[in-house]
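Dear colleague,

I am passing on the structure we spoke about, together with some notes on what came out of going through it. Please read them with the sequence and the model open beside you.

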Amino acid sequence: MFGIGMPELILIAVVALIVLGPKKLPDLAKSMGRAVREFKKATSELKETFQVDSEIGEAKKAFEEFHAEVDKTIRSEAERPETPAAENPPTPRAIPAAPAATPPAATPAEPSSSEKLDELKKAFETWNAEKSSAPETETSAQPAAPFADKPKST
């Protein structure tokens, strides 16, 4: 330890005993022990903070990569031309004629892929904002469903 051996420690203790006296020496040793303990505690807390920050950074990087991958996939799906019916001709069968009196059922319009991408981006940003504003402690609360306001089609 700093090149100080047993003879040097004994010499330092004797000098401290002579300078401070036997009444103040125990108080000095006690306060030095507290200071060393608090210093160790502060350094361990600092190490934990750096570790948590690095873990949060890794998680954020993973989410950003996931977002980029989903964005790329959705864009490639949006740019892919739909296959026309002529390429996949139906097999020749007798198809019964549908009654003309029944109007087709009204189906809700399917949102386009760009609308789906925008909804996904908004949901991801909302989720990210909720995570960043939430305290760092673990909670049992479930995140809000991003598509809960949309009616489900059956």
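A salt bridge is taken here as a side-chain nitrogen of Lys or Arg within 4 Å of a carboxyl oxygen of Asp or Glu, and by this rule the count for the protein comes to 1 salt bridge. Please keep in mind throughout that the model is predicted.

To begin with the overall picture, the protein has 3 helices and 0 strands, and along the sequence the pattern reads α-α-α. Of the 154 residues in the protein, 5% are buried, and the accessible surface comes to about 14300 Å², with 62% of that area belonging to carbon and sulfur atoms.

The helix pair that I looked at is made of α2, which covers residues 25-79, and α3, which covers residues 113-133. Their axes lie 9 Å apart and the helices pack at an angle of about 170°; since angles over 145 degrees count as roughly antiparallel, α2 and α3 are therefore roughly antiparallel to each other. On the α2 side, the contact involves F63, H67, V70, D71, I74, R75 and A78, and these meet S113, L117, L120, K121, F124 and W127 in α3. Sorted by class, the contact of α2 with α3 contains 8 nonpolar, 2 polar and 3 charged residues.

Which residues form the salt bridge? The side chains of D71 and R75 do, with a distance of 3.1 Å from N to O. Both residues belong to helix α2, where D71 and R75 are 4 residues apart, or about one turn of the helix. In general terms, side chains of opposite charge can pair when their charged atoms come close.

Are the two partners buried or exposed, or something in between? D71 has a relative accessible area of 17%, and because buried means under 20%, D71 counts as buried. R75, by contrast, has a relative accessible area of 40% and is partly exposed. Leaving aside residues up to four places away in sequence, D71 touches L117 and K121, and these two residues are among those of α3 that meet α2.

Terms used: Residues are numbered from 1 along each chain as its sequence is written. This is a predicted model: local features need pLDDT of at least 70, side-chain atom pairs count only at pLDDT 80 or more; totals for chains, interfaces and linings use all residues. Side-chain values use heavy atoms; hydrogens and water are left out. Axes are lines fitted to C-alpha atoms, for helices over the stretch in contact, and angles run from 0 to 180 degrees between N-to-C directions. Angles under 35 degrees count as roughly parallel, over 145 as roughly antiparallel, 65 to 115 as roughly perpendicular and the rest as oblique. Contact means heavy atoms within 4.5 Å. Ala, Val, Leu, Ile, Met, Phe, Trp, Tyr, Cys and Pro count as nonpolar, Asp, Glu, Lys and Arg as charged, and the others, Gly among them, as polar. Buried means under 20% relative accessible area, exposed over 50%, partly exposed in between (1.4 Å probe, protein chains only). Accessible areas come from the Shrake-Rupley method with a 1.4 Å probe; for residues, only the protein chains shown count as cover.
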